[in-house]
Amino acid sequence: MNTATRASDPLAATLSGVVPDGRFSDALARSLWALAQQQGLGLGIKDAEDGRYLLGNAALAGLLGCAPEQIAGSTDADWLEPSACALLRTADQTAMAQGQ
């Protein structure tokens, strides 16, 4: 995918930064993203290091009470109670550990 296409496609730009080693194919990611969009499911992609959202869809934005553009760069702490954040961070870490 060329640079101009990546600039106009936030999902492609995010995926290129998150999964450069190819463990998660672009086609699979696009299929999951499209399914979540079609079903109205909230979906966000987080940075594994610091837990910041890299991208979030409209359904997630609706759950958080913001615009989709406001999700990138935020953390769960920006939207949720501390106890919920701790549970989500534990779940994130567990999922990442299982993927290794």
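Biologist: Where does Asp-76 lie?

Modeller: In this predicted model, Asp-76 lies in the loop between helix 4 and helix 5, the latter running over 82-99.

Biologist: Why does Asp-76 count as buried?

Modeller: Its relative accessibility is 7%, and the cut-off for buried is under 20%, so Asp-76 gets the label.

Biologist: Which residues does Asp-76 touch, not counting those up to four places away in sequence?

Modeller: Asp-76 touches Lys-46, Tyr-53, Cys-85, Leu-88 and Asp-92.

Biologist: You mention Cys-85; what makes Cys-85 buried?

Modeller: Its relative accessible area is 15%, and anything under 20% is buried, so Cys-85 passes. Cys-66 is also at 15% relative accessibility and counts as buried.

Biologist: Fine, on to Ala-67. Why does Ala-67 count as partly exposed?

Modeller: Ala-67 has 26% relative accessibility. Partly exposed is the band between buried, under 20%, and exposed, over 50%, so Ala-67 falls in that band. Ala-67 is placed in the loop between helix 4 and helix 5, and its C-alpha is 9.4 Å from that of Gly-56, eleven residues apart in sequence.

Biologist: What makes up the largest nonpolar core?

Modeller: Six residues: Tyr-53, Leu-60, Ala-61, Leu-64, Cys-66 and Ile-71. Helix 4 (residues 58-64) gives the largest share of this core, three residues. To be called a core, buried residues of the nonpolar kinds must be joined through side-chain atoms within 4.5 Å. As background, nonpolar side chains tend to be buried together in soluble globular proteins.

Biologist: And which residues is Ala-61 in contact with, leaving aside its neighbours within four places in sequence?

Modeller: Cys-66, Ala-67, Pro-68 and Ile-71.

Biologist: How do you know that the span of helix 3 agrees with its 14 residues?

Modeller: Quick check: at 1.5 Å a residue, residues 26-39 should span 20 Å. The end C-alpha atoms are 20 Å apart, so the two values agree.

Biologist: Which residues are buried in helix 3?

Modeller: Ala-29, Trp-33 and Ala-36. Seen down the axis of helix 3, its buried residues fall within an arc of 65°, so they line one face of the helix. On the other side, Ala-27, Gln-38 and Gln-39 are exposed. Gly-40 then follows helix 3, with a positive phi near 75°.

Biologist: Now the strands. What makes strand 1 and strand 2 a pair?

Modeller: Pairing takes at least two bridges. Strand 1 (residues 44-46) and strand 2 have three, in the antiparallel sense, so the pair qualifies. They form a hairpin with six residues between them, and Gly-51 in the turn has a positive phi of about 75°.

Biologist: Which residue of strand 2 stands opposite Ile-45?

Modeller: Leu-55, from strand 2 (residues 53-56).

Biologist: Last one: how many helices and strands does the protein chain have?

Modeller: Five helices and two strands, running α-α-α-β-β-α-α from the N terminus on. Buried residues make up 25% of the 100 residues.

Definitions and conventions. Residues are numbered from 1 along each chain as its sequence is written. This is a predicted model: local features need pLDDT of at least 70, side-chain atom pairs count only at pLDDT 80 or more; totals for chains, interfaces and linings use all residues. Side-chain values use heavy atoms; hydrogens and water are left out. Helices (H or I, at least four residues) and strands (E, at least two) are DSSP runs, numbered from the N terminus. The expected span of a helix is 1.5 Å times one less than its number of residues. Buried means under 20% relative accessible area, exposed over 50%, partly exposed in between (1.4 Å probe, protein chains only). The arc is that of the directions from the helix axis to the C-beta atoms. Contact means heavy atoms within 4.5 Å.
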